[in-house]
Amino acid sequence: MVPQTAFKFRHVSNGQAVGFRSQRGNLDEKGLLLGDAFIEHAAIKDTLVRDNRLVLALEGREPFVIHVYGIPARELEKAIDRYSSARQAELSKAELERKGEGHSFRTAACPACGATIDLSGFDKSSYVYCRFCESLLDRGGQLVNSGDAYRVCDECGLFDRVKGYTEFYFYFLLVVYGFSSRRRHVCDNCAHRLFLKTFFINLIFLVGIIPSLVLKFKSMSGRATDFAGLPRANKLASKGRFDQADREYTTILQKHPEHPGILFNQAMGHLKGGDAGQGIDLLKRSLKSCTNYLPSARLAMALSKAAEQA
C-alpha cells in the first residue's frame with residue numbers, strides 16, 4: 001500500500017476553481033479526506049486526470065472535480081486508484097465466495113499505476129486492459145503501452161498517442177487587446193486540426209501564431225516508431241476509407257499482433273465506411289484479444305442497444 005499522501009485542493013465548478021483559499025486533503029488506507037468530507041475507498045468507482053484537475057466518480061453521487069495543489073494530480077490519482085481498486089477487488093472476492101464461486105476470482109497488477117485489475121468473469125486473453133490508467137499489458141503482465149501516452153482520444157474516439165495542448169488565441173481591437181486559452185487533450189490528428197484552427201485565426205494579429213507553432217512542433221515530436229503509421233491510418237479510418245486504413249493498420253499489427261486498440265480503430269473505420277459486418281467482426285477480434293478492453297466493450301454495447309431500438 002502507498003503511504004499517507006497530503007495535498008491541497010479547490011473545488012471546480014463550470015471549469016473554474018472556486019473559493020479564495022485552498023483546502024487540505026489527505027489520502028491514507030482508510031479513505032480520502034477532502035476538507036471535512038470523508039470518502040471511503042470502496043465508494044470511489046473511477047477517476048480521471050487532465051493536467052491538475054482530478055475527476056472523482058462516486059457511487060450514488062454526481063462526479064465532481066477538484067484542482068490539486070502541492071503534488072501532481074496524476075500522482076494523487078494513482079494513489080487513490082491503488083487503494084480503491086484493491087478494496088473493490090476485496091469486495092468482489094467476498095461476494096464470489098459468498099456465492100460459492102471463489103475459484104473464479106482473478107486479478108492482475110498494473111505495472112504502470114499499481115492498481116489491482118479485477119479479471120473475475122473475463123476469459124483469459126493475450127492482453128489485459130487497466131481501466132484505471134488506460135494502459136495495456138500482455139498476458140505476462142508486462143507493459144505494452146502506457147495510457148499516459150497511448151489511449152483513446154477524448155475528441156475523435158480513436159486509439160492513438162494523446163498529449164495535452166494549450167489552445168491559444170490573441171486579439172487586438174484598436175485600444176483593446178487580450179487573449180484566451182484552454183487546455184485540450186487530443187491525439188496527433190486532432191492536434192493538427194487544432195493547429196490549423198489556431199494558426200489561421202491568430203495569423204490576423206501575428207503574435208498568437210507562436211503558440212500555434214509550438215503546438216504543432218509538440219504534436220510532431222516523440223512518436224513511437226512501432227506506432228508510426230497510426231495517425232495516417234486513423235485519419236483514413238475517420239473518413240470511412242477503411243480499405244486504405246487497413247493497409248496501415250496491418251503494418252502496425254505485425255509489430256503488435258491483435259492489439260485491441262488497433263482492431264478497435266479498424267472496426268470504427270469499417271463502421272464509418274458502411275461496412276457494418278466487417279466492423280463487428282473486427283470488434284469481436286478486439287474483445288477476443290483483450291476480453292476486458294473497455295473501449296471495445298462500450299462500442300459493442302452501444303451497437304447492441306442501437307440494434308434493439310431499430
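Rolling a probe the size of a water molecule over the atoms shows where empty space is left. In the predicted model, the largest pocket holds about 680 Å³ of space, and of the 31 residues that line this pocket, Leu-48, Arg-50, Glu-134, Arg-151 and Asp-154 are the closest to its centre. Several elements each supply at least two residues of this lining, namely strand S6 (44–50), helix H1 (73–98), strand S14 (150–152), strand S15 (159–173), strand S16 (176–187), helix H6 (260–272) and helix H8 (294–309). Strand S6 gives the most, with five residues. When the lining of the largest pocket is divided by class, 13 residues are nonpolar, five are polar and 13 are charged.

The second largest pocket contains about 260 Å³ of space. Its lining is made up of 14 residues, and those that lie nearest the centre are Ile-117, Asp-118, Phe-122, Arg-131 and Asn-292. Two or more residues of this lining come from each of H1, strand S10 (116–118) and H8. In the second largest pocket the lining comprises seven nonpolar, five polar and two charged residues.

The residues that line the largest cavity are Cys-156, Leu-158, Cys-187, Asn-189, Arg-193, Asn-234 and Ser-238, and by class they divide into three nonpolar, three polar and one charged. Helix H2 (188–202) and helix H4 (230–238) each provide at least two residues of this lining.

In soluble globular proteins, nonpolar side chains tend to be buried together. In this model the largest nonpolar core has 26 residues, of which Phe-159, Phe-227, Leu-230, Tyr-249, Ile-262, Phe-264 and Tyr-293 touch the most other members. Two or more residues of this core are given by each of strand S11 (127–129), S14, H4, helix H5 (242–255), H6 and helix H7 (276–289), and the largest share, five residues, comes from H6. A second, separate core has 20 residues, including Phe-9, Ile-44, Val-49 and Leu-56.

Just after H4, Gly-240 adopts a positive phi of about 80°. Helix H5 consists of 14 residues and spans 20 Å from its first C-alpha to its last, which is close to the 20 Å expected at 1.5 Å a residue. The buried residues of H5 are Phe-242, Ala-245, Asp-246, Tyr-249, Ile-252 and Leu-253, and these buried residues pack against H4 and H6. For Tyr-249, when its neighbours within four places in sequence are left aside, the residues in contact are Leu-230, Ala-233, Asn-234, Ala-237, Ile-262, Asn-265 and Gln-266.

Note on methods: Residues are numbered from 1 along each chain as its sequence is written. This is a predicted model: local features need pLDDT of at least 70, side-chain atom pairs count only at pLDDT 80 or more; totals for chains, interfaces and linings use all residues. Side-chain values use heavy atoms; hydrogens and water are left out. On a 1 Å grid over the protein atoms alone, a cavity is a set of points where a 1.4 Å probe fits but cannot get out, and a pocket is an open set with protein on both sides within 12 Å along at least five of seven lines; lining residues have an atom within 4 Å of a point. Helices (H or I, at least four residues) and strands (E, at least two) are DSSP runs, numbered from the N terminus. Ala, Val, Leu, Ile, Met, Phe, Trp, Tyr, Cys and Pro count as nonpolar, Asp, Glu, Lys and Arg as charged, and the others, Gly among them, as polar. Grid points are joined across faces, edges and corners, and a volume is the space filled by probe spheres set on the points. A nonpolar core is a set of buried Ala, Val, Leu, Ile, Met, Phe, Trp, Tyr and Cys residues joined through side-chain atoms within 4.5 Å. Buried means under 20% relative accessible area, exposed over 50%, partly exposed in between (1.4 Å probe, protein chains only). Contact means heavy atoms within 4.5 Å. The expected span of a helix is 1.5 Å times one less than its number of residues.
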